[in-house]
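Trainee: Could you take me through one part of this model in some detail? I would like to look closely at the nonpolar core and what surrounds it.

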Amino acid sequence: MIYLTELKGKEVIDKMASIVGVVEDVAIDEEKMLVRHLVVQIDKSKRETFNLGKGLFGGSTKKIDILAEEVGAIADKVLLNRTLAQIFETTDDGDDDGES
C-alpha cells in the first residue's frame, strides 16, 4: 500500500525512461473509492516539447491528468506504461491540463 503523502512529489517517468514531471495530487472517485488519475506537474522541457505554452487564463499549462491505467509501477519513481506522446494521443486535444 502507498499513502498519498508518499506519492506526492515522486518523479514520473514514461516508458522510454524520459522524465515527465512530478506527482502533485491524486483524483479519487468518491463513489467507488478508486484512484482515477494522477495530477502531474509537467517538466519544463516537456511543456516546450509538446507546445504546452498557453493554458487557462494565458498562463502556461503546467499540469496534466494521467489516468491510473497508465501507471505501470510505483517504487522510488512512478513508471508509466506508455510514452507521454502516446498518452497525449489518447486525449481529446493533448491539452488535458488538470487545471480547473
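Mentor: Happy to. The largest nonpolar core has 16 residues, where such a core is a set of buried Ala, Val, Leu, Ile, Met, Phe, Trp, Tyr and Cys residues joined through side-chain atoms within 4.5 Å. Buried means under 20% relative accessible area, exposed over 50%, and partly exposed in between, with a 1.4 Å probe and protein chains only. Val20, Leu38, Val40, Val78 and Leu80 have the most contacts inside this core. At least two core residues come from each of β2 (19-29), β3 (34-42), β4 (63-67), β6 (78-80) and α3 (84-90); helices (H or I, at least four residues) and strands (E, at least two) are DSSP runs, numbered from the N terminus. In soluble globular proteins, nonpolar side chains tend to be buried together.

Before going on, please keep in mind that this is a predicted model: local features need pLDDT of at least 70, side-chain atom pairs count only at pLDDT 80 or more, and totals for chains, interfaces and linings use all residues. Residues are numbered from 1 along each chain as its sequence is written, and side-chain values use heavy atoms, leaving out hydrogens and water.

Take Val40 as one of those core residues. Leaving aside residues up to four places away in sequence, Val40 touches Val12, Val20, Gly21, Val22, Glu24, Lys62, Lys63, Ile64 and Ile66, contact being heavy atoms within 4.5 Å.

Now the sheet. Six strands make an open sheet with mixed pairing, ordered β4-β3-β2-β1-β6-β5; two strands pair if DSSP finds at least two bridges between them. Because β4 and β5 (71-74) stand at the edges with a single partner strand each, one side of each has no neighbour in the sheet. Within the sheet, β2 and β3 run antiparallel and are joined by eight bridges. Val22 has Gln41 in β3 as its bridge partner.

Lys10 sits in the loop between α1 (4-7) and β1 (11-13). Lys10 is buried but has no salt bridge, and Asp76, the nearest side chain of opposite charge, is 5.2 Å away. A salt bridge here is a side-chain nitrogen of Lys or Arg within 4 Å of a carboxyl oxygen of Asp or Glu; Lys and Arg count as positive, Asp and Glu as negative, while His and the chain ends are not counted.
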